[in-house]
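Try each task before you read its solution.

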Amino acid sequence: MRLGLLSGVGVLAATAIMTGCGSEPPPVVKVDAKADAAARLKATKEAKVRNAAKVRANELGQIPVLMFHRVIPKPQTTDDRTPQQFRADLERLAKENYVPITAAEMVTGKIDVPAGKHPVVLTFDDSSPSQLTLNAVGVPQKDTAVAIMREVAAKYPGWRPKATFFVTRDLFGKHTREEQAQALLWLKDNGFEVANHTRDHLNLRGLTQEQVEEQIGSIAKTIDSLSYTKPVTISLPYGSQPKKKDWALRGKAYRHKGAFLAGYTPAPAPFSKSFDPTGIPRIKVMEKKGDCAQFCSEAWLDWLKKNPDMRYTSDGDVNTVAYPKFKAPYLRKSFSSLSLPY
């Protein structure tokens, strides 16, 4: 009987231990979802600030927008480049950590460039056959601008064959709609921007509003009908603005986000208060000769290299605008929600 009683006590004791008898249940931990999300957001932002500081990001800096015309073996004007010169132009940019973006990406602030790199905009006026000519199987002919860009991209990892082509009615020397459509669609399908350079390349300064809209709107309609593309940007012939600057941006048949001038200086970043979408400067591509000793591409690229604090340097995040804190007064208010000072 004693043995049976002790056995029963043991069973009861074991049961009490198993059921937690004699102790309080563990407290329920309440998680504050809002506080947890805020902490994660703060940690993420701090990491972004550290990364921006590490690469010395400056997304309020200046961007070189380079202006090209023909790429031909025997230049006839100072606007022309030989294939050898053009290849050297691009290789310098690649070696100095520039990454091409389109004019449309620039003016809309969609500057997706790796951290520590610098955006550059390659623009081509007049839609010359030397810029793009496709062979019988739809491949760019050797030594055309597009072919050379693709060669450089293959040689330098991270370099992009990307540019903006401001076209007129010449449309790369093609005369049938089928050939014109093939050229524009090839550019569109391969990451290039097709943009507006007016129909007849007239100086817009002395034209009426109706005439300006006819010159800009007619080629916009042509581009759209051939490539299903509505131009986002325009380059003004001779760099001349119409009587009212806004005429170049908005008309019955077009809505542009940016109008580009002829060559002179690097352009302000689209996030900067200095940015004016009605008159974005470009740089003529040429060596240091005559006036170009100060105002063309070789001179300006040298200057940006010597003054890196003035150059646009990316933080690698397209969803932020990173810059040193002392540059905060230069940020456009419309981008304040993306602000990332460090």
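**Exercise 1.** How many disulfides does the count come to?

*Solution.* Start with the ground rules. This is a predicted model, where local features need pLDDT of at least 70, side-chain atom pairs count only at pLDDT 80 or more, and totals for chains, interfaces and linings use all residues. Residues are numbered from 1 along each chain as its sequence is written, and side-chain values use heavy atoms, with hydrogens and water left out.

Next, take the rule: a disulfide is a pair of cysteine sulfur atoms within 2.5 Å. Such a link is a covalent bond between the sulfur atoms of two cysteines. Apply the rule, and the count is one disulfide.

**Exercise 2.** Find the partners of the disulfide and describe the link.

*Solution.* The partners are cysteine 292 and cysteine 296, with 1.9 Å from S to S. Now look about the S-S bond: the angle is -45°, and the link of cysteine 292 and cysteine 296 is left-handed. Last, check exposure. Buried means under 20% relative accessible area, exposed over 50%, and partly exposed in between (1.4 Å probe, protein chains only). Cysteine 292 and cysteine 296 are both buried.

**Exercise 3.** Count the aromatic pairs, then classify two of them.

*Solution.* Rings of Phe, Tyr and Trp (its six-membered ring) pair if their centres lie within 6.5 Å; planes under 30 degrees apart are stacked, over 60 edge-to-face, and the rest tilted. The structure has eleven aromatic pairs. Phenylalanine 165 and phenylalanine 172 have ring centres 6.1 Å apart and planes at 70°, so this pair is edge-to-face. Both residues, phenylalanine 165 and phenylalanine 172, are buried. Tryptophan 186 and phenylalanine 192 are stacked, at 6.0 Å centre to centre with 20° between the planes.
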